[in-house]
Each structure stands twice: as structure tokens, then as C-alpha cells.
Amino acid sequence: MSQLVNTVQSQAWNGAEGRHWSEHHDRWNAINEGFDPPLLKACAINPDDRVLDIGCGTGHTTRLAARAAHRGSALGLDLSAPMLATARRLAAAQGLHHTAFEQGDAQVHPLPTAGFDTALSRFGTMFFQDPVHAFANIARALRPGGRLAFVCMADPQRTEWVRVFDAVRAALALPPQDDTAPQGPGMFSLRDPALIHRTLAAAGFTAVRTEAVDATGHFGHDAADAADHLLGSGPGRHLAAQLDPLGPLDGGDATGRARAAFTAALARHEHPDGIRLRTAAWLVTATRG
Ligand SMILES: C[S@@+](CC[C@H](N)C(=O)[O-])C[C@H]1O[C@@H](n2cnc3c(N)ncnc32)[C@H](O)[C@@H]1O
């Protein structure tokens, strides 16, 4: 990796969180792919475009961008070595040879100046320690007039998996999550559209727009399957760890209690094809001034 300032995030995404996303990339895509059509439409990628995917993870949107920019190129940038290994493997298997992946911190990574026509991200821009600095680095990498489009999490109250976590916390007598706590880097750091506008303007973007977009994701084939997935995720492990102050989860009683509570909460979202939950996001577009 080049330089790194987001060290806490790097540890998480190179540790258990990154391994979970890498091993379960299909599931995470089934959860988030409803955002791909509005995101790709907003990007309006031309066949010759050079596209940057910020926080590309296992590279699903990088591969979509590469298909749209079939005479151009697509670069996926991410902190996470395990997720990038999967991204590289899948791009090669699909013959997307004009696709590349680099491990780096988008906040400081030495991207080529004016090296891209379009920058996009699916939930990869919410974890910056210094968002203005990070988006300024991305702006510098875009040519003047280049386009930025990303989706980020909106109000947690409008996202059903957050409500599932709330129900689980209540069932397990854990204190409620404080959604009003001051925001640092994390899933909901860009939930306030006024903050998005201020941040992007300060970073050198113009024509900033935020539009509410919702999508329903597929979390599992039944409640128990979805419960296992959420328990393995970062927020799930964080919740379960609060039940067992004596140490990490080891398949003991704490895990069993958490799994039962998740399964009960998720059963309310059972549909004929499995567990479906709605996520509320902002689709953000801007132009590099
Ligand atoms: C929620 S995941 C989304 C991954 C992928 N975009 C997707 O939709 O599947 C967030 C991603 O952002 C990456 N990330 C977080 N902070 C980053 C930073 N400062 N620079 C580059 N990538 C970052 C993480 O490593 C992770 O892959």
C-alpha cells in the first residue's frame, strides 16, 4: 500500500470485516445490487471513459463500469487486501483485462492528476477520517468537468436491517444504539445531505445533487441463514461481543442467544424467495469544477 491515514479502517477491512466481505461477496452483492442501476445511470459512463471505483471492495461495480467503458479502463481502489484479491480473481475470470485494482487509502493515494473521466462508489466513501481531504484527492484525480457519482447510507431509521439490529438489542436487553451520536468515519457518516453538499463543495466539486434512493436487498434464503450472515458481519460481531464480555465468540451461549434473536427479528421479513430488507441511501452526483 502507498500512504495510509485511515489506519483503524484499514485494520478492520484487512481483518475480519474484509475477510467476511471477501468470502461472502455474492451475498453482499445480493444485498446491495439494487443500487447498481441508479448508480450506473448517474455515472453515464462512455465507452472510452477512464473510471475510478472508490472503495471498490470485491469489485462488483468496477466490473460493471469496465463493461460500460469497454474501450476505456476501470481502476478499483481499496484498503482491503482480501477483498482486492477476490476482485482481481473475478475480473480476470471474466476477461476484463482493461480492469486493474490498487490497494490504497483514497484519502491520500497518489492517483494520477486528471487521470479519470468518472469516479463512482457503492458505499465506499463513508469511512474517511477527513472527508474534505479525501474528496479533494478524488477531485484532483478527475479531469475538469469529470463526474462523481456515489451511493452512501442515509437516515438509519429508514433502513430495515438497522431496525432488525434495534429489535435484537431490545430482545437481548442491550442498550439501544445511539443514532444521534456525533459522527466519525463509519457507515452513517454521510447521512446528512447538508454535510454532503458542504463537504463536496469544499473539496472542489460543483453541481452537487443528493437524491434519495431505496433498494431491497436479499439477505438470505431464510431467517436463520440471514441471521448467520449478519452475525458474521462487523456490526453483528460487535453486538454479539457486548453479550459476552469474557472474550470472543466461541459458539457458546452468547452466540446462540444472538442467533436466536436475529432469527426471530428477521422472520418478520420473510418473503417467498427469502429475507428481503430495504436500505435507504443517498445517490450523490457532482462535477469536478
Ligand atoms: C461497505 S464496503 C463496500 C465495498 C464495495 N464498494 C461494494 O459495494 O461491495 C466499503 C469499502 O470501502 C473500503 N474503504 C474504506 N475506507 C477506505 C479508504 N480510505 N480508501 C479506500 N477504500 C476504503 C473498504 O475497504 C471496503 O471495501
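This report describes the aromatic pairs and the domain interface of a predicted model.

## Aromatic pairs

Across the whole structure, a search finds nine aromatic pairs. One of them joins Phe35 and Phe123 in an edge-to-face arrangement, with 5.2 Å centre to centre and 85 degrees between the planes. This pair links distant parts of the chain, since Phe35 sits in the loop between helix H3 (25–32) and helix H4 (36–43), while Phe123 sits in the loop between strand S4 (116–122) and helix H7 (131–141), 88 residues apart. Phe35 and Phe123 are both buried.

Phe135 and Phe150 form a stacked pair, with 5.5 Å centre to centre and 25 degrees between the planes. Because Phe135 belongs to helix H7 and Phe150 to strand S5 (residues 142–153), the pair ties together parts that are 15 residues apart in sequence. Phe135 is buried, as is Phe150. Elsewhere, ring pairs connect Trp13, Trp21, Trp28 and Phe127 into a cluster.

## Domains and their contact

The domain assignment divides the protein into domain 1 (7–165 + 179–219 + 275–288) and domain 2 (222–274), and the centres of domain 1 and domain 2, taken over C-alpha atoms, are 27 Å apart. To the contact, domain 1 gives 16 residues and domain 2 gives 21 residues.

Between them, domain 1 and domain 2 bury about 1600 Å², of which 67% is on carbon and sulfur atoms. On the side of domain 1, Val164, Phe165 and Ile275 lose the most area to domain 2, together accounting for 41% of what that side buries.

## Polar links across the interface

Three salt bridges are found across the interface of domain 1 and domain 2, and the count of residue pairs in polar contact between domain 1 and domain 2 is six, both residues being at pLDDT 80 or more.

Notes: Residues numbered from 1 in each chain as written. Predicted model: local features only at pLDDT ≥ 70, side-chain atom pairs only at ≥ 80, totals over all residues. Heavy atoms only, no water. Phe/Tyr/Trp six-rings, centres within 6.5 Å; stacked < 30°, edge-to-face > 60°. Helix = DSSP H or I, 4+ residues; strand = E, 2+ residues; numbered from the N terminus. Buried < 20%, exposed > 50% of the residue type's maximum accessible area, 1.4 Å probe, protein only. Domains from an automatic or database assignment. Contact = heavy atoms within 4.5 Å. Buried area = accessible area lost by both parts, 1.4 Å probe. Salt bridge = Lys/Arg side-chain N within 4 Å of Asp/Glu carboxyl O. Polar contact = N/O pair within 3.5 Å; in protein donor to acceptor, adjacent residues only side chain to side chain.
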